[in-house]
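Colleague: I would like to learn how to read a protein model. Please go through it with me one feature at a time.

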Amino acid sequence: MLWLLLLAPALVVLYLWLLHRRKKTAVRFASVALVKQALGKGPGWRRHVPAALLLAAVSVLLLAAARPMARLKLPSQAQTIILAMDVSGSMRATDVKPNRLIAAQEAAKAFVAALPRNVRIGVVSFAGTAAVVQAPTHSREDVVASIDRFQLQRATAIGSGLVLSLATLFPDEAST
């Protein structure tokens, strides 16, 4: 689609040709001075604004239709998962038997057991604040032990949990 942007100069040439052709037909009057006097002062450069806006719109449309992309380098060998677990007081609710915290712990342990051994796993807990409970490791036993040690706390800071999880995943990316 980017090749179609080469039509933009052709559109400019077509516009200039149409303006030139228009001048030829205006010369057919007997007295050019009389016609200029009747027309008065013309719009000047403002008459070209609609054509310029149309050309810009067509160019932007063609650029958007080309679907520009960017290539990002991502670490493909690093397979690390951070489990961000809520340990706030709301996890005491019994809408899931026996309560939300125990159900979340059991689901997390089943998830850890199902992962391939080459994947590193870390655990972040969040309530009023967030804390790295287990740094990323290959040891499933350490991860399960850290999940079993959860203690309920006050408040909920989901954003802090997410920020700390990302900081644990990408320790070299220092935020300022």
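Predicted model: local features only at pLDDT ≥ 70, side-chain atom pairs only at ≥ 80, totals over all residues.

Colleague: How many helices and strands are in the protein chain?

Modeller: Helices (H or I, at least four residues) and strands (E, at least two) are DSSP runs, numbered from the N terminus. The protein chain has six helices and three strands, and along the sequence they follow the pattern α-α-α-β-α-β-β-α-α.

Colleague: What share of the residues in the protein chain is buried?

Modeller: Buried means under 20% relative accessible area, exposed over 50%, and partly exposed in between, with a 1.4 Å probe and protein chains only. Of the 176 residues in the protein chain, 21% are buried.

Colleague: Which residues have the most contacts inside the largest nonpolar core?

Modeller: A nonpolar core is a set of buried Ala, Val, Leu, Ile, Met, Phe, Trp, Tyr and Cys residues joined through side-chain atoms within 4.5 Å. The largest one has 15 residues, and Leu 83, Ile 147 and Phe 150 have the most contacts inside it. Two or more residues each come from strand E1 (80-86), helix H4 (100-114), strand E2 (120-126) and helix H5 (140-148). H4 gives the largest share, three residues. Contact means heavy atoms within 4.5 Å. Leaving aside neighbours within four places in sequence, Ile 147 has contacts that include Leu 83, Val 112 and Val 123.

Colleague: At what angle do H4 and H5 pack?

Modeller: Axes are lines fitted to C-alpha atoms, for helices over the stretch in contact, and angles run from 0 to 180 degrees between N-to-C directions. H4 and H5 pack at about 175°, with their axes 10 Å apart. That makes H4 roughly antiparallel to H5, a label for angles over 145 degrees; under 35 is roughly parallel, 65 to 115 roughly perpendicular, and the rest oblique. In this pair, Gln 105, Ala 108, Lys 109 and Val 112 of H4 meet Arg 140, Val 143, Val 144, Ile 147 and Asp 148 of H5.

Colleague: Is Ser 88 buried or exposed?

Modeller: Ser 88 is buried, with a relative accessible area of 1%, and lies in the loop between E1 and H4. A polar contact is a pair of N or O atoms within 3.5 Å; within protein, one must be able to donate a hydrogen and the other to accept it, and residues adjacent in sequence count only if both atoms are side-chain atoms. The side chain of Ser 88 makes such contacts with the side chains of Asp 86, at 2.8 Å, and Thr 156, at 3.1 Å.

Colleague: Where does Ser 165 lie?

Modeller: Ser 165 lies in helix H6 (residues 158-169) and is buried, with a relative accessible area of 8%. A polar atom of its side chain lies 2.7 Å from the backbone oxygen of Gly 161.

Colleague: Which residues does a cis peptide bond join?

Modeller: Most residues other than glycine have a negative phi, and most peptide bonds are trans. Here a cis peptide bond joins Lys 97 and Pro 98, with omega about -5°. Ala 155, in the loop between H5 and H6, has a positive phi, near 70°.

Methods: Residues numbered from 1 in each chain as written. Heavy atoms only, no water.
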